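Hi there,

Here is the structure I promised to pass on. My notes on what turned up follow below it.

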Amino acid sequence: MQDLTARQVDILKSLIEEYIETAEPVGSETLEKKHNLSASPATIRNEMVKLTELGYLKKSHISSGRIPTSTGLKFYVKQLMKEKELSVTEEVALKEKVWDLREQERKFLQEVTKTLADRTKALAITTTSEGDMFCAGYANILDMPEFLDIDLTKTLLSAIDEFECMNSIFSGQLDDDDIHVLLGDELGPRLNGPYGFIYTKYETPMHLVGEIGVLGPSRLNYTSIIPTVRYFGNLIEEIAEGW
């Protein structure tokens with residue numbers, strides 16, 4: 001990673017968080033007005049040019065603003081953001097929602113997937129090593145501006161329809177991270193676009209293994225979705241009973 005100055009880090013963090021919130025390219029005036037950066041729009045603009053040259057930002061086709069690249073988003077996730085953990089009350093409510101199904105593998109995984117989709121307002125996916133795949137939250141992506149582009153939506157939905165496509169994404173990850181964040185070309189040729197995928201692996205007490213995660217635009221709300229996906233993976237491992 002290229003070393004960034006403290007000011008560049010502040011600008012990059014603010015720009016990414018503004019982009020995640022609005023789905024709009026971000027200009028220097030917006031950053032100066034809405035974020036406490038203690039720099040003039042001209043200074044911010046110059047730093048944004050440098051961040052673009054370094055590969056963290058890119059120009060938008062539709063305005064003079066900038067949007068983060070996959071490199072910029074990965075840097076944000078790994079170095080800059082602070083996770084927003086679930087409260088104990090939230091954890092208890094989520095566990096109660098699926099508790100009664102813990103002995104019924106398929107119904108349990110279906111309900112867990114639906115609950116994750118409802119919680120994250122994104123598209124949730126759960127797979128098993130036995131070749132099962134559960135999806136929920138299709139309607140959620142239609143609330144996201146990126147997916148007003150019918151071609152992007154069609155590509156996403158057709159890829160999800162194929163277990164082998166999703167399986168190839170999972171099998172391509174060789175590191176031991178508890179949470180995987182995939183962006184851009186990390187999602188393979190079928191989904192090489194403005195998509196983001198956050199998932200974790202799980203293993204039940206009877207050694208059924210699989211993955212659970214959330215798929216959506218590259219500007220997923222990482223601060224809340226990452227700890228939520230981690231919690232759901234742990235929840236499967238904790239309360240699955242007899243499978």
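E211 sits in strand β7, residues 209-217 (strands are DSSP runs of E with at least two residues, helices runs of H or I with at least four, both numbered from the N terminus). The model is a predicted one, where local features need pLDDT of at least 70 and side-chain atom pairs count only at pLDDT 80 or more, while totals for chains, interfaces and linings use all residues. Residues are numbered from 1 along each chain as its sequence is written, and side-chain values use heavy atoms, with hydrogens and water left out.

E211 counts as buried because its relative accessibility is 11% (buried is under 20% relative accessible area, exposed over 50%, partly exposed in between, with a 1.4 Å probe and protein chains only). Its side chain makes a polar contact with the side chain of T127 at 2.4 Å, and another of 3.3 Å joins the side chains of E211 and K201 (a pair of N or O atoms within 3.5 Å; within protein, one must be able to donate a hydrogen and the other to accept it, and residues adjacent in sequence count only if both atoms are side-chain atoms). Beyond neighbours within four places in sequence, the contacts of E211 (heavy atoms within 4.5 Å) include F170, Y199 and Y202.

Now for helix α3. I44, E47, M48 and L51 are buried in α3. They cover an arc of only 105° around the axis, so they lie on the same side of α3 (the arc is that of the directions from the helix axis to the C-beta atoms). Their cover includes α1 (6-22), α2 (28-34), β1 (57-59) and β2 (66-68). After α3 comes G55, with a positive phi near 95°.

Best wishes
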